[in-house]
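Grab your viewer and work through them one at a time.

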Amino acid sequence: MLIDNLISSLGRMADHVLHGRIVGVLGMMVEIGGVQRALSVGDRVTIIARGDRRVPAEIVGFKGERALAMPFGTLDGVGLGCRAEVSQTDPVIYPHESWLGRVVGSMGEAIDDLGPLNAGNIAYPLRNAPPPAHKRQRVAGKIDMGVRALNQFLTCCNGQRMGIFAGSGVGKSVLMSMIARYTSADVIVIGLIGERGREVQDFIHEDLGEEGLARSVLVVATSDQPPLMRRQAAYLTLAVAEYFRDQGKNVLCLMDSVTRFAMAQREIGLSVGEPPASKGYTPSVFAELPRLLERAGPGLRGSGSITGLFTVLVEGDDHNEPISDAVRGILDGHIVLERAIADRGRYPAINILRSVSRVMPGCNTDDENAVVSRARQMLAAYEDMAEMIRLGAYRPGSDPKTDEAIRYYPLIEQFLAQGKRERGDLVQGYHQLADILNSGGVG
């Protein structure tokens, strides 16, 4: 493996090096002179700091005759006159099937102490363009998520993109781990963007487990890393998913979270001098979101698909904040986790009535749609009168639909509740729900 990686790297080496000099440093921004006409936004440079420490950086803008670069690491030892070497290639990675079961950093390096990663033969740009819309396959074929609330009420198909909207501490990480462990997808690619360092090992060993990790690639960028590293981890996650998609696999791409990707892009934009817009988010944030999220979806004819589940960290439980609004308009559905449901002890805390899958009911049979529709009607009827019922102000017999909902509501709630180590089957779930609705209900 080491020899193959070395030969592959030698074949990609440039025959000359172009370099400029550092002419200014302000905060996390470095100004480079002498080579600005050879650079464009998104190009890479390597700054040679004191002690020959090499600091990779990315060109994020220009100011007059100077190129503005932001580093992927710290600026310790970087000063005026330091050399900045220009990379002659676009930022790419070389994924390989042996990456399954591995934990990867933002630069495509192994961070799990299991040795170096094997390099594939095909380069995948980190900021790849999505497949042309007119050449893509259609979203089709139900995917088993292993979670009853999703399988029955928010059915997802291969190539669909869904958002998981939740405040902090409502259970989105646990929901992600259940999906990763029990899904019927061939390969899972998980991106932990801006995650707490303490929680990474917990997610790997406790939430994901050996079974989930064996068919997963985990991309990690912790919250203490520079914004470029956090943003690149999101790009890398999609690039790895695209590799497995092109191998004909049905890939499930889980990203936690899109909000932290947006925050990283906001930091970059503000450093360059972009004007802040809604809640301080710069215009580039809302331009980058569709470019990232559109990369998930069905592939070209003859290839696989990328089913995307992207979490959105809702600030202050406000589901109409700017990032939530923008992401909801791009994706093919949304899953809302509600704190009030979590507070009463029902997990996963999915609010069925506020969530929607845009491929339903087209992917279901008529019988399946009838079962799900009736269960939804029961939940809606109960929620309409929930306050009066809890206060004891509702008199039984006042409304037949409400009476029926009161009988069935506890059973449906029991169906929606699912333990962390419990798997829900897609086909069996419809039979279980139908049995509940045919049981006559229990008060």
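Predicted model: local features only at pLDDT ≥ 70, side-chain atom pairs only at ≥ 80, totals over all residues.

**Exercise 1.** Find how many salt bridges cross the interface of domain 2 and domain 3.

*Solution.* Start with the rule: a side-chain nitrogen of Lys or Arg within 4 Å of a carboxyl oxygen of Asp or Glu. Applied across the interface of domain 2 and domain 3, it finds 5 salt bridges. Next, pick out a pair: Arg-423 bridges to Asp-144, with 3.3 Å between the closest N and O atoms.

Residues are numbered from 1 along each chain as its sequence is written, and side-chain values use heavy atoms, with hydrogens and water left out.

**Exercise 2.** Locate the domains and say how far apart the centres of domain 2 and domain 3 are.

*Solution.* An automatic or database assignment sets the bounds: domain 1 is 14-86, domain 2 is 92-360 and domain 3 is 367-440. Taken over C-alpha atoms, the centres of domain 2 and domain 3 sit 31 Å apart. Now count the contact (heavy atoms within 4.5 Å): 25 residues come from domain 2 and 27 residues from domain 3.

**Exercise 3.** Work out how much area domain 2 and domain 3 bury between them.

*Solution.* Take the accessible area (1.4 Å probe) lost on putting the two parts together, summed over both. That comes to about 2,500 Å², 50% of it on carbon and sulfur atoms. Then look at the domain 2 side: Arg-148, Gln-152 and Phe-153 lose the most area to domain 3, together 32% of what that side buries.
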